[in-house]
Amino acid sequence: MSTLITGDRAARLDARPPARPPRLRRWLTGWAFVTPAVALFLLMGVYTIASGFLLSFATWNGFTPQWTWVGLKNYADLLYADLTLAPELRRALWNTLQVMVAVPVLTVVVALPLAMMLNSVTRLRALLRSVYFLPYVTSGIAVYYAWRYVLQPDGAINLLLGSLGLGSLAQPQGWLGNPDTALPTLILILVWSSVPVATLLYLSGLQAIDGNVIEAAQIDGAAPRHVLRHIIWPLLRPITIAIVLLGVRDALHGFQIFLIMTNGGPGGHTDVLGLMTYRLSFMKGLAPTLGVASALGWLLFAGAVLMTLAFGRRVR
Amino acid sequence: MTAGRTLALVLAAAVGLTACNAAQPQQQQQGGTAASLTMWTFKKSHADALNKAAGQFKAETGISVTVEAVTPDDVFVSKVQSAAQTNGLPDVLEVHAGGEDLEMGASGLLQDLAADVNDAWKGRLLPSTQETGVLTQEKIDSVAADSPMKQGKAGQRFSVPFTAGAFGIVYANKDKLKAAGLDPETPPKTWEEFVAALEKTTAADQGGLSLGLKVSQTGFNWIYQPLAYAYLGKERFQALFAKGGTQGFSTPDGVKTLEVYSRLSPYWMPGATTLGIDEADVAFAQGKSAFNVGGTFTLAFLNQNGLSPDKLLTFPIPPSTEGRNQAISMSPLALTGLGVTASTRDREAAVKWIDWVTSPKGAGIVAKESLDLPATDLGAEAETLLGKDLAALQKYFTGPPETAYEAGDSSFFPSDYDQVKPGDLTVRLTPLKELTAQQAGTELDKVIAAMWKSTQ
């Protein structure tokens with residue numbers, strides 16, 4: 001047996017390393033694998049970003065062969081110079097800020113207790129987790145349409161309120177038709193759709209916390225609220241930051257729910273920056289507004305970067 | 001060896017496919033003259049009707065036409081935008097007339113048809129639509145400096161009027177009128193009678209007025225403007241939008257028109273501000289309202305949704321007794337036009353198709369199938385070709401010149417006129433009641449002034 005092993009080792013020592021392919025061939029093979037991804041990135045990433053950035057300094061309607069260069073005019077028009085665009089931007093900005101603050105805060109407020117509850121139950125945990133994750137799985141355009149039906153004057157919510165004897169709370173014009181309830185309603189739907197992911201993130205965070213730490217605190221006489229405040233909450237801070245940043249990002253860029261459910265109405269009360277960008281891009285007929293839409297997109301990007309930096313600095 | 005064999009197979013397949021692709025046009029050329037055209041429209045009802053007409057056209061000429069609907073409008077525009085970039089446009093496009101066609105043409109997407117559309121061809125069209133699709137010097141001068149129309153030349157024709165019609169047509173459900181104790185055969189003659197009829201149907205639980213105010217400009221364009229036109233007369237109405245704003249919406253006359261319009265407040269269908277145009281029409285067809293406002297084109301959509309024309313009473317937005325004009329007629333304007341794309345490979349066949357489909361015969365087939373009025377003057381044959389319900393809508397097109405409201409006349413607007421902004425303000429006036437007529441007038445003057453300033 002040992003002879004065999006020795007012989008095998010000797011044979012291996014004697015054997016020459018396998019012939020390596022020539023350097024150029026290896027280089028070509030590597031690039032052959034990488035090139036599609038690089039080309040795709042150059043085309044879909046670098047080219048579109050650079051093209052979009054340049055477009056923000058021009059006017060174009062998507063058809064004409066040439067762009068008309070206007071320098072910083074698009075940015076100036078949006079911020080102050082154009083008396084029709086600037087007030088529209090300010091109104092949309094105010095609505096966006098409300099969404100940006102309310103959605104992440106409410107998401108955290110709902111998702112954390114939910115995750116803690118799911119973490120504490122031992123039976124049917126998988127089933128409950130699936131149930132709470134359903135809004136995320138079904139989220140999308142169809143869900144927004146379904147919500148519209150539910151929120152109509154003769155929809156399920158008004159019907160439910162009426163049957164519970166709470167008819168005075170029902171909205172005769174529908175929850176999206178009343179300027180006072182339209183934006184809060186959309187915020188609640190956004191929270192509803194963002195809670196599942198946040199809950200899962202918190203749940204995974206909770207399961208990663210060492211049980212001995214909590215047990216030690218409990219032995220030292222810490223009440224559940226103290227455990228939450230001084231142990232769980234600080235340990236889940238990175239997850240909270242991620243959830244808040246995701247919410248802020250969605251508030252800045254998201255427009256589908258506003259487009260489908262209210263189109264910014266009634267009377268412009270639910271207009272947001274993402275929707276304004278979409279409207280300037282695709283709903284102005286053939287007016288040359290793609291440049292100003294691009295400028296608004298870059299302003300949004302700059303706002304997002306600044307906020308992320310400020311947030312990161314504060315958290316650090 | 002295996003790798004080499006696989007490579008050889010892939011190469012052979014690629015060569016084969018290339019050969020097939022290369023052979024295809026050759027076969028077509030050898031096959032003779034059978035031309036084949038493609039066309040895009042943004043209306044589903046038009047696509048079905050046009051495809052039916054295309055069958056007849058093929059039988060007569062041997063040219064086959066395939067029509068595809070791309071809906072809704074914004075998707076159509078973005079598809080045309082991307083197809084233009086990738087050289088994937090069809091041969092013929094149906095586009096909005098009097099604006100979109102000119103912008104596309106001046107941008108180089110549509111061909112100039114001025115030499116093709118001779119006097120005889122123009123003579124087949126309704127008089128008020130004949131020059132739609134032609135870029136005029138007046139239009140070039142009036143548009144904003146960055147408009148693509150500045151690239152065009154006066155006299156170029158980029159589309160041929162295809163469908164025509166008018167906005168501001170009220171549809172009433174006869175059954176609901178009867179249930180509310182109203183005469184289902186007699187339309188209200190005045191605004192006051194209309195509001196009284198709304199009051200009755202609402203009180204009798206038969207529903208009020210539906211309109212897709214989610215697209216906020218519908219209320220302003222389709223109801224307020226014809227109402228204000230009849231109330232003030234043409235010149236005074238146009239002065240509401242004039243530069244300088246000395247006779248604007250906040251003047252006593254202007255405020256009065258807004259006050260008259262806001263009398264609709266108690267009678268809007270619940271949730272009207274959350275409905276799109278089609279959704280409001282569907283709600284009306286489902287019996288959720290007694291009255292619905294649209295255009296002549298709405299009849300087809302209502303019919304598609306189960307409300308047949310014989311159950312409808314139609315009339316234009318009636319004038320107020322307090323106003324200047326006691327009658328109103330809606331001048332028909334070309335709503336859509338047909339254009340030949342710059343990238344077509346068979347211009348001759350494309351022009352031939354447009355010529356045929358705008359002839360009384362072709363237009364009659366399309367109109368009857370789509371229940372949409374053609375821009376082609378069908379003369380004495382109108383009722384035979386269109387059917388009595390559709391032909392009946394045409395009676396609102398004629399009236400004394402001073403009563404003729406021209407929805408297509410945009411000559412008095414700022415060149416960057418954005419109808420959404422006055423639309424939003426009038427929604428805040430009614431149904432939201434967030435603004436009084438005076439406040440709405442002041443705000444309207446501000447947005448119109450801002451539009452004039454931004455066009456300088």
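**Figure 1. The two domains of chain B in the predicted model.** The domain assignment divides chain B into domain 1, covering 35–165 + 333–377, and domain 2, covering 167–330 + 399–454. The C-alpha centres of domain 1 and domain 2 of chain B are 29 Å apart. Where the two meet, 12 residues of domain 1 of chain B are in contact with 13 residues of domain 2 of chain B. The side contributed by domain 1 of chain B, sorted by class, holds 6 nonpolar, 5 polar and 1 charged residues.

**Figure 2. The open sheet of chain B.** Five strands of chain B, in the order β2-β1-β3-β10-β4, make up an open sheet with mixed pairing. At its edges are β2 (64–69) and β4 (160–165) of chain B, each of which pairs on one side only. Neighbouring strands of the sheet are turned against each other by 20° on average, with direction ignored. Helix α2 (residues 44–61) of chain B packs on this sheet and touches β1 (36–41), β2 and β3 (92–96) of chain B. The direction of α2 of chain B makes about 175° with that of β2(B).

**Figure 3. The pairing of β4(B) with β10(B).** Strand β10 of chain B comprises residues 333–340. This strand and β4(B) run antiparallel and are joined by 5 bridges. Within the pair, Thr163(B) stands opposite Thr336(B), the latter in β10(B).

Figure 4. Contact between them involves 11 residues of domain 1 of chain A and 10 residues of domain 2 of chain A. On the side of domain 1 of chain A that touches domain 2 of chain A, α2 (23–55) and β1 (58–59) of chain A each supply at least two residues. The element giving the most to this side is α2(A), with 3 residues. By class, this side of domain 1 of chain A has 6 nonpolar, 5 polar and no charged residues.

**Figure 5. The crossing of helices α8 and α11 in chain A.** Helix α8 (residues 179–208) of chain A and helix α11 (residues 237–253) of chain A have axes that come within 10 Å and cross at roughly 165°. The two helices are therefore roughly antiparallel to each other. Their crossing is right-handed. From α8(A), the residues Ser194(A), Ala198(A), Leu201(A), Tyr202(A) and Gly205(A) take part in the contact. They meet Ile239(A), Ala242(A), Ile243(A), Gly247(A) and Asp250(A) of α11(A). Divided by class, the contact of α8(A) with α11(A) has 6 nonpolar, 3 polar and 1 charged residues.

**Figure 6. The contact between chain B and chain A.** Across this contact, 34 residues of chain B meet 29 residues of chain A. On the side of chain B that touches chain A, at least two residues each are supplied by α3 (73–85), α4 (100–106), α18 (420–429) and α19 (437–454) of chain B. The residues on this side of chain B divide into 11 nonpolar, 12 polar and 11 charged.

Methods:
Residues numbered from 1 in each chain as written. Chains lettered and ligands numbered in written order. Predicted model: local features only at pLDDT ≥ 70, side-chain atom pairs only at ≥ 80, totals over all residues. Domains from an automatic or database assignment. Contact = placed C-beta atoms within 7 Å. Nonpolar A, V, L, I, M, F, W, Y, C, P; charged D, E, K, R; others polar. Axes fitted to C-alpha atoms, helices over the stretch in contact; angles between N-to-C directions. Helix = DSSP H or I, 4+ residues; strand = E, 2+ residues; numbered from the N terminus. Parallel < 35°, antiparallel > 145°, perpendicular 65-115°, else oblique. Left-handed = near helix turned anticlockwise from the far one by under 90°. Pairing = 2+ DSSP bridges.
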